[in-house]
Amino acid sequence: MADSEPGIGKKILSFFIKESEEPAKTAAVTKPAVGQPEPQPAPTVSNVAGTMQIDRKFVDHFVSLLEKANLPGPDYFEYKQALQSMEGLGLGEEKQFQAAWASFKAMGGPKEPAILKSSADQYLNILDKDRSSFLKDVEKAIKDRVGALQEEQKKLEESNTAISQQILNLQKKIEDNKNRLGQISGEVTEQSAKINANKDSFEATHVSFVEQIKSDLNKINQYLK
């Protein structure tokens, strides 16, 4: 397809999405009121077969890619344009392809379909290379962004595991302390009893000594004048 042909991007776009998805452009363009945002294109559009919704931003990307890679002279895209013009004529699929081929050759296109195959293959190779590049970017994005999130996730999980173990250790410590408190309560009673018994024994012995000495002192006072 010749680079100088006007509207090439628009034509390529029509090969891959439904025309009805693209709002018609008129000479007079109504500008939005001041302060009102301009209407944005829908995030998805129907593919030309009408079998699925595809992402508008990637449609624009691939159309731009193919537009820049456009080969000079009649090729697959001119044939595709001729084929598109056969729609609505009531022809079967085979007749449409054959009639488009006759129209293509009448417009000065090559006489052998090899140019269609080779140019289509070149465009497929361009799309495949772009896909490979995109997948590499995806892989890098996963490594850079998702990888960082996964690393953070791993650290948080390890932290939670450590905290959980600390909680278990603290719970065991609390249980050990409760058991020890129970033991201490019994030991306090036991030790208090022992100490009080020793105190009583001390007091009794003390009284015995004091009374003995006082008794002797009384007798000394009585008998030794």
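This is a predicted model: local features need pLDDT of at least 70, side-chain atom pairs count only at pLDDT 80 or more; totals for chains, interfaces and linings use all residues.
**Entry 1: the layout**

I counted elements and got five helices and two strands for the chain. I then read them off from the N terminus and wrote down α-β-β-α-α-α-α.

**Entry 2: surface and contacts**

I looked up the totals next. The chain has 225 residues, and 16% of them count as buried. Its accessible surface comes to about 17,500 Å², with 58% of that belonging to carbon and sulfur atoms. For contacts between residues at least 6 apart in sequence, I noted that 64% join residues at least 24 apart.

**Entry 3: aromatic pairs**

I searched the whole structure for ring pairs and came away with five. I started with Tyr-79 and Phe-97: their ring centres sit 6.3 Å apart and the planes make 50°, so I logged the pair as tilted. Tyr-79 is in helix α3 (residues 76-84) and Phe-97 in helix α4 (residues 93-106), so this pair ties together parts that are 18 residues apart in sequence.

Are these two residues buried or exposed? Tyr-79 is buried, because its relative accessible area is 9% and the cut-off for buried is under 20%. Phe-97 is partly exposed, with a relative accessible area of 41%.

I then checked Tyr-79 against Phe-104. Those ring centres are 6.2 Å apart with the planes at 85°, so I put the pair down as edge-to-face. This one also links distant parts of the chain, from Tyr-79 in helix α3 to Phe-104 in helix α4, 25 residues apart. Phe-104 counts as buried, at 1% relative accessibility.

Which residues do the ring pairs link into a cluster? I have Tyr-79, Phe-97, Trp-101 and Phe-104 on my list.

**Entry 4: the nonpolar patch**

Which helices supply at least two residues each? I found α2 (56-68) and α5 (114-223). Helix α5 gives the most, with five residues.

Val-138 lies in helix α5, and I have it as partly exposed, with a relative accessible area of 30%.

Key. Residues are numbered from 1 along each chain as its sequence is written. Side-chain values use heavy atoms; hydrogens and water are left out. Helices (H or I, at least four residues) and strands (E, at least two) are DSSP runs, numbered from the N terminus. Buried means under 20% relative accessible area, exposed over 50%, partly exposed in between (1.4 Å probe, protein chains only). Rings of Phe, Tyr and Trp (its six-membered ring) pair if their centres lie within 6.5 Å; planes under 30 degrees apart count as stacked, over 60 as edge-to-face and the rest as tilted. Contact means heavy atoms within 4.5 Å. Accessible areas come from the Shrake-Rupley method with a 1.4 Å probe; for residues, only the protein chains shown count as cover.
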